[in-house]
Amino acid sequence: MGAPELIGLGASIGLLSGWRIYLCTFALGVAMHYGWVQLPQHLHALDALASPTIIGISAVGLVAEFFADKIPWLDSLWDGVHTFIRPIGGALLAAAVIDPQDPTWQIASLLLGGSAALLTHGAKASARAVANASPEPFSNIGLSLGEDVTTTGLLLAVLIHPAAAATVAGLIALAVLAAIVFLWRTLRRIYARRERPPAQPAMR
């Protein structure tokens, strides 16, 4: 793979890590461990993800996140704790894609992966803030299940077809940016409505 494909793969992994860092680590590790996904020989730096220790740790985090992410307000607390974990994890996973003998591209991938994870993390946290403004819990569950399915599907897609990773990364980034703008406008309307004083009854 050339530099564009590698950068696209790193960006895709970084973006998906902002939604599900433990799922990305676990799915990638299991797929490599059992040979379901044959990574290019160049990506030997990711071999550590296939170790039982890393798979076990990520599985614990995956189970905890699966349930915490579906409970109103607990999901926002979980997102707050992971504000630093997801970007750092996304940056490290993205950097592992690049040959360590090429420090320029590795630094670029590190920065891109961290920024990408922070972007999707911001969209995720904003979506949960909007969902938590609703009294019913089903929107949280629906959003969480959607993130589970989307992250798993896109991660496998970019690993099986690395040449399409740059396109996938671009589409995810555009969709996330549009979602952030929409969510922030929605939040502003919700809180503006709450802060608006009640209408005074008409004087007779």
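Predicted model: local features only at pLDDT ≥ 70, side-chain atom pairs only at ≥ 80, totals over all residues.
Residues are numbered from 1 along each chain as its sequence is written, and side-chain values use heavy atoms, with hydrogens and water left out.

**Stop 1: the overall picture**

Follow the chain along its sequence and you will read the pattern α-α-α-α-α-α-α-α. Of the 204 residues, 44% count as buried. Here buried means under 20% relative accessible area, exposed means over 50%, and partly exposed lies in between (1.4 Å probe, protein chains only).

How much of the contact in this protein comes from residues 24 or more positions apart? Among contacts with a separation of 6 or more, such pairs account for 76%. A contact means heavy atoms within 4.5 Å.

**Stop 2: the nonpolar core**

Next, select Leu 9, Ile 13, Leu 16, Leu 155, Ile 172 and Val 176. These have the most contacts inside the largest nonpolar core, a group of 32 residues. A nonpolar core is a set of buried Ala, Val, Leu, Ile, Met, Phe, Trp, Tyr and Cys residues joined through side-chain atoms within 4.5 Å. Colour the helices that give it two or more residues: H1 (3–17), H2 (21–33), H3 (52–68), H6 (103–132), H7 (138–160) and H8 (165–195). The most comes from H2, with seven residues. In soluble globular proteins, nonpolar side chains tend to be buried together.

Zoom in on Ile 172. Setting aside neighbours within four places in sequence, Ile 172 is in contact with Leu 15, Leu 16, Trp 19, Thr 120 and Leu 154.

**Stop 3**

Helices H3 and H7 each supply at least two of the patch residues.

Is Phe 67 buried or exposed? This residue of helix H3 is exposed, because its relative accessible area is 53%. Phe 66, also found in helix H3, is partly exposed at 34%. Leaving aside residues within four places in sequence, Phe 66 is in contact with Ser 144, Leu 145 and Asp 148. Try the distance tool on Phe 66 and Asp 148: they are 82 residues apart in sequence, yet 8.3 Å apart in space, C-alpha to C-alpha.

**Stop 3: the charged side chains**

Now show Asp, Glu, Lys and Arg side chains. The whole structure holds 12 salt bridges, each a side-chain nitrogen of Lys or Arg within 4 Å of a carboxyl oxygen of Asp or Glu.

Select Asp 69 and Lys 124, whose side chains meet in a salt bridge (2.7 Å, N to O). Asp 69 lies in the loop between H3 and H4 and Lys 124 in helix H6, so the pair ties together parts that are 55 residues apart in sequence. Both residues are buried.

Move on to Asp 79 and Arg 86, where the closest N and O atoms of the salt bridge are 2.9 Å apart. Asp 79 is buried, with a relative accessible area of 2%, and Arg 86 counts as buried at 0%.

Then pick Arg 128 and Glu 147, a salt bridge with its closest N and O atoms 3.1 Å apart. This pair links distant parts of the chain, with Arg 128 in helix H6 and Glu 147 in helix H7, 19 residues apart. Arg 128 is buried at 0% relative accessible area, and Glu 147 counts as buried at 9%. Salt bridges that share partners join Arg 20, Glu 65, Asp 69, Lys 70, Asp 75, Asp 79, Arg 86, Lys 124, Arg 128, Glu 147 and Asp 148 into one network.

**Last stop: Asp 75**

Finish at Asp 75 in helix H4 (residues 74–81), which is buried with a relative accessible area of 0%. A polar atom of the Asp 75 side chain lies 3.1 Å from the backbone nitrogen of Trp 73. Not counting residues up to four places away in sequence, Asp 75 touches Ala 68, Asp 69, Arg 128, Asn 132 and Asn 140.

Key. Helix = DSSP H or I, 4+ residues; strand = E, 2+ residues; numbered from the N terminus. Polar contact = N/O pair within 3.5 Å; in protein donor to acceptor, adjacent residues only side chain to side chain.
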